[in-house]
Amino acid sequence: MRRSPKETEDAARGTHRRALLLGGGMAAMFAVLGARMHYLSVDQADQFRLLAEENRISIRLIPPARGLIHDRNGKVLAGNEQNYRVVITREDAGDVNAVLAKLAHIIPLTAEDLDRTAKEMKRTSPFAPITVADRLSWEDLSKVALNAPSLPGVSPEVGLSRQYPRDIDFAHVLGYVGPVSERDLEALDSPDPLLRIPKFQIGKIGVERWLEDTLRGRAGTRRIEVNAVGRVMRELEREEGDPGADVRLTIDADVQNFVQARLGDESAAAVVMDVTNGDLIAVVSSPSFDPNLFVRGISHTDYNGLMENDHRPLANKTVQGLYPPGSTFKMITALAALEAGVINVNTTVRCPGYLEFGGRRFHCWKRGGHGAVNLEKSLAESCDVYYYDIAQRVGIEKIAEMGKRFGLGIRHDIPMSAIADGIMPNRAWKQERYKQDWRIGDTINASIGQGYVLTSPLQLAVMTARIATGRAVNPRLVRSVDGKEVPVEEAPGIGISEEIMRKIRSGMFAVMNGERGTAKSSRIADEAMLMAGKTGTSQVRNITAAERARGVISNDQLPWNRRDHALFVGYAPYNNPRYAVSVVVEHGGGGSTAAAPIARDALLRALSNGLPPLSAYPASQRNRIESMLEKLPLRDAEGRAPDSSRA
């Protein structure tokens, strides 16, 4: 059937419309595709380039060198040594167990090493390298490098590890470093990415811990190219980080070593302090331990040996140990009474050997008594009854206030671990602690540093420095950081008249140099270095009335852990004080026999440029002292320990 011209025209017009619609749709589609291609290839080019690079480029952190720690004269106390190690990256290794099995045939790996590696892999990102073995020999490291083609994901590395060249001398001061633990990470709000590196080491105790941020430094980065199976092909870019800042302490390594050796096998502590600026010259806790054992991974045998030792080598007795100060506290009681005006320097108290109060006898150490006693005699001969009497007159509140003024019962801010506050008790303290009222008997006991009073060797050294100078000297341990000196603030006056302070010092001088001084045998003979001091003995057991009646058992007849603690505090030179010292010998017996000789030697070593000169000792003692000094296991000029073990 033939169409009419009109029908033909209408059909053509419809075809044209459909063609236009189809063409417009295709144009729109191409426009959308073009826009998308532009977005992907131009607008998002950087993003997709980064994604592509991440398939072949790995960015790894470079641990910075840890800052060094020096003594006041620049001797290295904590350094870094090269450490050869082997790491494995799980993502690159494929069959990890097979790779580790091959590795175990190349270098010695224990079952413990393999088990630890497996555990670390489970809790670590598959892209993070995990240390399989460290402290390898160069020969073992070379074997791993030669066999690299058959060990996918395994890389030999050279890093740095902490090393303590003076081992036991500074264990309690410096502490040690160890691998980051989950507990360490949980304690931080935003942990440094460095801390996520497996087996990365941070300070655990001591200066290493408290100055961690200063010593750690800032990580560097390196971009490495890897092939399709993850093998490292080449290093593309490297940006070094910043090493940790070096720290210089106030301690003198040679004095520290001398005091450590002088304490020997005793369970003891000693602190030597510069009274002019608060610098801690020696801070020694004995016995000690080798912190290098902890850095390298201490064995169960070694650790159990330290934990089971009744002399507690892991405890830092200088700041953590708390002891009744005994008679070394008597200066505080006297100062409180003198300042309150309840006595004067000529006040006399009669000592018959005890004080009767409330149906109870408080005994003096001298059974027959000291007779008439004034301030100087009370200190020189350490009469207890004198202090029982004046303590009742002044009261515990003023005694406690005076104790805190001289640095007792407060925490001193130095970068060491577990610093104890001590206890300087008063009425409110006892009510809060025990829900009990304070009694006069408590004051009597506190007057001679017994009862509730507890102090640390550091606090006793601070107390002595303040007595020597009449100023509120504060201890400091850090001398400089990154070459910048830590400023020393001038200590304010203690607020007690110089006349009163002179009388207290005179009494302490008589302890060492008086005819009946309790520490006369430990005096310094050199007129330029004369010392003042105070002995102390604190009981660790109760003495019953029955035992007193038949005779108190002497310390040497008791088991070691039931003997009295021996204490001593002192300073020298007397006329121009430079150093203060405190010594506590746990269960050492008497302060005059066990602690005072050590304190004298420590002061002489600090005052001398070398071993204490024999001329500083009384002539009758020089042969014995010479023999003792020759036997001390001291380090040589290079800091090397003697061949014989001092552990």
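Helices are taken here as DSSP runs of H or I spanning at least four residues, numbered from the N terminus. In this predicted model, helix α1 covers residues 5–43 and includes Met29. The protein chain contains 24 helices and 21 strands. Of its 647 residues, 48% count as buried. Among contacts between residues at least 6 apart in sequence, 72% join residues at least 24 apart. The protein chain exposes about 31,600 Å², and carbon and sulfur atoms supply 50% of this area.

Met29 has a relative accessible area of 45% and is therefore partly exposed. Together with Leu22, Met26, Phe30 and Leu33, Met29 forms a nonpolar patch on the surface, with about 520 Å² of accessible area in total.

In soluble globular proteins, nonpolar side chains tend to be buried together. The largest nonpolar core of the model has 93 residues, of which Val173, Leu249, Tyr386, Phe406, Met463, Leu477 and Ile504 touch the most other members. Helix α20 (residues 457–469) gives the most to this core, with 8 residues. Another core, of 39 residues, lies apart from it; among its members are Leu263, Ala519, Ala599 and Leu632. Beyond four places in sequence, Tyr386 is in contact with Ile343, Thr347, Val349, Val373, Asn374, Leu375 and Ser378.

His70 is located in strand β2 (residues 69–70). Its relative accessibility is 13%, so His70 counts as buried. Apart from neighbours within four places in sequence, His70 contacts Lys75, Val76 and Leu77, as well as Asp246, Val247, Arg248 and Leu249.

Helix α6 (residues 138–146) has three faces of interest in its burial pattern, beginning with the buried residues Asp140, Leu141 and Val144. These cover an arc of only 100° around the axis, and therefore lie on the same side of α6. They pack against β3 (76–89), α4 (96–106) and β5 (154–163). Exposed residues Trp138, Glu139 and Leu146 are carried on the face of α6 turned away from the buried side.

Met531 lies in the loop between α21 (498–513) and β19 (532–538). With 1% relative accessibility, under the 20% limit, Met531 counts as buried. Met531 and Met512 are 19 residues apart in sequence, and their C-alpha atoms are 6.9 Å apart. Not counting residues up to four places away in sequence, Met531 touches several residues, including Phe509, Met512, Phe568, Tyr571 and Leu603.

The salt bridges number 29. In one of them, the side chains of Asp601 and Arg262 meet at 2.6 Å, N to O. Asp601 belongs to helix α23 (residues 591–607) and Arg262 to helix α11 (residues 253–263), so the pair ties together parts that are 339 residues apart in sequence. Both Asp601 and Arg262 are buried.

A salt bridge also joins the side chains of Arg393 and Asp389 (2.7 Å, N to O). Both residues lie in helix α16 (residues 384–394), 4 residues apart, or about one turn of the helix. Arg393 is partly exposed, at 39% relative accessible area.

The side chains of Arg471 and Glu490 form a further salt bridge (3.8 Å, N to O). Arg471 is in the loop between α20 and β17 (478–481), and Glu490 is in the loop between β18 (484–485) and α21, 19 residues apart. Arg471 is partly exposed, with a relative accessible area of 34%, whereas Glu490 counts as exposed at 71%. Salt bridges that share partners join Arg66, Arg162, Asp192, Glu208, Glu212, Asp213 and Arg216 into one network.

Technical notes. Residues are numbered from 1 along each chain as its sequence is written. This is a predicted model: local features need pLDDT of at least 70, side-chain atom pairs count only at pLDDT 80 or more; totals for chains, interfaces and linings use all residues. Side-chain values use heavy atoms; hydrogens and water are left out. Helices (H or I, at least four residues) and strands (E, at least two) are DSSP runs, numbered from the N terminus. Buried means under 20% relative accessible area, exposed over 50%, partly exposed in between (1.4 Å probe, protein chains only). Contact means heavy atoms within 4.5 Å. Patches are made of residues with over 30% relative accessible area and no salt bridge: like charges are joined within 9 Å, nonpolar side chains (Val, Leu, Ile, Met, Phe, Trp, Tyr) within 5 Å. Accessible areas come from the Shrake-Rupley method with a 1.4 Å probe; for residues, only the protein chains shown count as cover. A salt bridge is a side-chain nitrogen of Lys or Arg within 4 Å of a carboxyl oxygen of Asp or Glu. A nonpolar core is a set of buried Ala, Val, Leu, Ile, Met, Phe, Trp, Tyr and Cys residues joined through side-chain atoms within 4.5 Å. The arc is that of the directions from the helix axis to the C-beta atoms.
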